[in-house]
Amino acid sequence: MQKSQNKRSVYPLSVVATEQVSPSIQRITLQGESIRHFGLDSEGNYIKLLFTPDGSTDISSLDEENRPLMRTYTVRQFNPNDASIVVDFVRHISHDPTSGFAARWSINAQVGDTISIVGPGKSQPINQNSDWVFLAADMTSLPALAVTLSKLSSDKKGYAVIEVNEKEDIQSVDAPENVELIWAIAERGETLVDTVKAQSWLDGQCSVWCACEFDSMRVLRQYFRNEKDIDREHIYISSYWKNGISEDGHKVVKRQDAEQAQ
């Protein structure tokens with residue numbers, strides 16, 4: 001285990017499996033004894049993959065003036081037997097040479113390749129002190145939504161709306177019997193926003209968990225907070241990315257939006 005320039009622990013990991021599980025999802029399994037302490041509690045939390053400015057995973061030559069670029073992903077699963085984590089990547093390649101590092105790496109990764117991470121950071125759980133739940137995600141946040149659903153009490157009811165690129169991207173997701181899974185298929189022209197708004201509103205207190213693209217997030221924030229009057233105690237809503245810009249640019253936009261929303 002190494003220390004990065006900002007004193008966070010850096011964990012070098014090896015690729016032990018890679019699989020294209022659907023047209024849009026590449027699933028990578030990363031293993032290393034240095035992350036054994038992550039434990040099952042790490043599922044649903046986020047890690048940051050480290051890259052050089054040119055997209056390499058060899059960060060050994062970087063100095064304080066050239067810190068690694070970080071790309072954020074969710075721990076989909078943790079295996080305590082071999083200290084490995086499963087990470088799902090959306091298979092898309094940006095034309096911007098400073099963007100798309102992680103997606104490009106995941107598509108080309110081979111067993112034995114190495115990459116370093118920092119984390120995990122704590123994810124935001126859904127407030128289960130409610131009569132029903134409404135979850136919404138696109139493909140970037142599907143891993144986090146899947147873990148969130150799996151942690152719901154078995155008697156929960158409500159909706160989980162998930163936008164995927166095409167029908168073949170639909171995954172098996174564990175959910176309470178009375179939480180309805182609704183898939184919005186982008187190639188059919190179905191959107192996360194429209195599909196969320198099309199669902200009948202149930203009686204009682206609703207808890208919301210929503211993570212998606214920035215512009216969709218802003219529309220859904222307006223819908224849940226203002227139209228449906230969900231108070232802050234019962235809502236988690238966040239953007240995981242913004243169309244057309246890198247994660248670094250998204251961080252800036254997200255921070256500005258948060259300041260304006262206060």
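Student: How many aromatic pairs does the structure hold?
Tutor: The structure holds 14 aromatic pairs. A pair means rings of Phe, Tyr or Trp (its six-membered ring) with centres within 6.5 Å. Planes under 30 degrees apart count as stacked, over 60 as edge-to-face, and the rest as tilted.

Student: What kind of pair do Tyr73 and Phe89 form?
Tutor: A tilted one. The ring centres of Tyr73 and Phe89 are 4.5 Å apart, with 40° between the planes.

Student: Where do those two sit, Tyr73 and Phe89?
Tutor: Tyr73 lies in strand β5 (residues 69-74), and Phe89 lies in strand β7 (residues 84-90). They are 16 residues apart in sequence, so the pair ties those parts together. Strands (E, at least two residues) and helices (H or I, at least four) are DSSP runs, numbered from the N terminus.

Student: Is Phe89 buried or exposed?
Tutor: Buried, at a relative accessible area of 0%. Tyr73 counts as buried too, at 18%. Buried means under 20% relative accessible area, exposed means over 50%, and partly exposed is in between (1.4 Å probe, protein chains only).

Student: OK, and what about Trp201 and Tyr223?
Tutor: They form an edge-to-face pair. It has 6.3 Å centre to centre and 90° between the planes. Trp201 is in the loop between α3 (192-197) and β12 (206-213), while Tyr223 is in helix α4 (residues 214-227). The two are 22 residues apart, and their pair links distant parts of the chain.

Student: Which residues form one aromatic cluster?
Tutor: Trp132, Phe134, Tyr159, Trp201, Tyr223 and Phe224.

Student: Quick check: what sort of model is this?
Tutor: It is a predicted model, where local features need pLDDT of at least 70 and side-chain atom pairs count only at pLDDT 80 or more, while totals for chains, interfaces and linings use all residues. Residues are numbered from 1 along each chain as its sequence is written, and side-chain values use heavy atoms, with hydrogens and water left out.

Student: New topic. How many residues of strand β3 are buried?
Tutor: In β3 (residues 25-31), 5 of its 7 residues are buried, so the strand is mostly covered.

Student: How does β2 pair with β3?
Tutor: Strand β2 (residues 9-22) runs antiparallel to β3, joined by 7 bridges. Strands pair if DSSP finds at least two bridges between them. β2 and β3 form a hairpin with 2 residues between them. Ser14 stands opposite Gln31 in β3.

Student: And which residue stands opposite Phe89 in β7?
Tutor: Gln26 does. β3 and β7 pair in the antiparallel sense over 7 bridges.
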